[in-house]
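Please take a look at the model below. The report that follows covers its helix packing, its cores and its aromatic rings.

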Amino acid sequence: MKTLMLVWSAKHELGIPILDEQHRGIVSIMNTLFALLPENRAAKVFSLLDMAEMFVKVHFYTEENILRLAGYPGFEEHRQLHVDMTSRFEKIQAESRRTGDPANLLLLLRDLWTNHINNADLLFAEHVRARLGLAPRSGEHIARRGEISDARYAQTQP
């Protein structure tokens, strides 16, 4: 059995349930892509890459709305990271389709997500948890008092 490209662990969690769930989903998509690459199933791989692109865009939208709701002071800078990542993803995706080789795109996704989740997202996590009434992180374990209430989460939707 092939190993996973990324293994999710508690150290990747922000303590913001919807974002943690979406981050796990992105890692799952990347692992699925990684498993399909050696089988030379380009049509399936590119179909999954399209799904990954849509999922990432929905995730960025969700994350940005939560940051706005929480009054995160670094919102504009973080939003710009999302714009830059989306642009790089789209350029490399177009190149991968031209060459028929999605490997570079998968590597970009891995590097962007591991760096983004483990660095940039950690910068806002404490602020958002405090503002939304979520339990603070405690070492590798995240104690949660619950999800963002339906009313608060609804405010993040269009």
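Axes here are lines fitted to C-alpha atoms, for helices over the stretch in contact, and the angle between two of them runs from 0 to 180 degrees between N-to-C directions. An angle over 145 degrees counts as roughly antiparallel. The model is a predicted one.

**Helix packing**

| Helix pair | Axes come within | Crossing angle |
|---|---|---|
| Helix 1 and helix 4 | 10 Å | roughly 165° |
| Helix 3 and helix 4 | 10 Å | roughly 175° |

The axes of helix 3 and helix 4 cross at roughly 175°. These two helices are therefore roughly antiparallel to each other. On the helix 3 side, the contact is made by residues including His-78, Leu-81, Met-85, Phe-89 and Ile-92. On the helix 4 side, Leu-105, Leu-108, Leu-112, His-116 and Ala-120 are among them.

Helix 1 and helix 4 cross at roughly 165°. That angle makes helix 1 roughly antiparallel to helix 4. The crossing is left-handed. From helix 1, Leu-19, His-23, Ile-26, Met-30, Leu-33 and Phe-34 take part. Their partners in helix 4 include Leu-106, Arg-110, Trp-113 and Ile-117.

Leu-109, Asp-121 and Phe-124 are listed in the contact with helix 1. Leu-109, Asp-121 and Phe-124 are also listed in the contact with helix 3.

**Nonpolar cores**

In soluble globular proteins, nonpolar side chains tend to be buried together. Here the largest nonpolar core has 24 residues. Which of them touch the most other members? They are Met-30, Leu-33, Leu-49, Leu-109 and Trp-113. Helix 1 (17-36), helix 2 (42-69), helix 3 (75-99) and helix 4 (103-132) each give two or more residues to this core.

Leaving aside neighbours within four places in sequence, Met-30 is in contact with Met-5, Leu-6, Leu-106, Leu-109, Arg-110 and Trp-113.

There is also a second, separate core of 13 residues. Leu-14, Ile-66, Tyr-72 and Phe-75 are among its members.

**The aromatic pair**

How many aromatic pairs does the structure hold? It holds one. Tyr-72 and Phe-124 form this pair, and the arrangement is edge-to-face. The ring centres lie 5.9 Å apart, with 70° between the planes. The pair links distant parts of the chain. Tyr-72 sits in the loop between helix 2 and helix 3, while Phe-124 is in helix 4, 52 residues apart.

Are these two residues buried or exposed? Buried means under 20% relative accessible area. Tyr-72 has 14%, so it counts as buried. Phe-124 is at 0% relative accessibility, so it is buried as well.

Note on methods: Residues numbered from 1 in each chain as written. Predicted model: local features only at pLDDT ≥ 70, side-chain atom pairs only at ≥ 80, totals over all residues. Heavy atoms only, no water. Core = buried A, V, L, I, M, F, W, Y, C linked by side-chain atoms within 4.5 Å. Buried < 20%, exposed > 50% of the residue type's maximum accessible area, 1.4 Å probe, protein only. Helix = DSSP H or I, 4+ residues; strand = E, 2+ residues; numbered from the N terminus. Contact = heavy atoms within 4.5 Å. Phe/Tyr/Trp six-rings, centres within 6.5 Å; stacked < 30°, edge-to-face > 60°. Parallel < 35°, antiparallel > 145°, perpendicular 65-115°, else oblique. Left-handed = near helix turned anticlockwise from the far one by under 90°.
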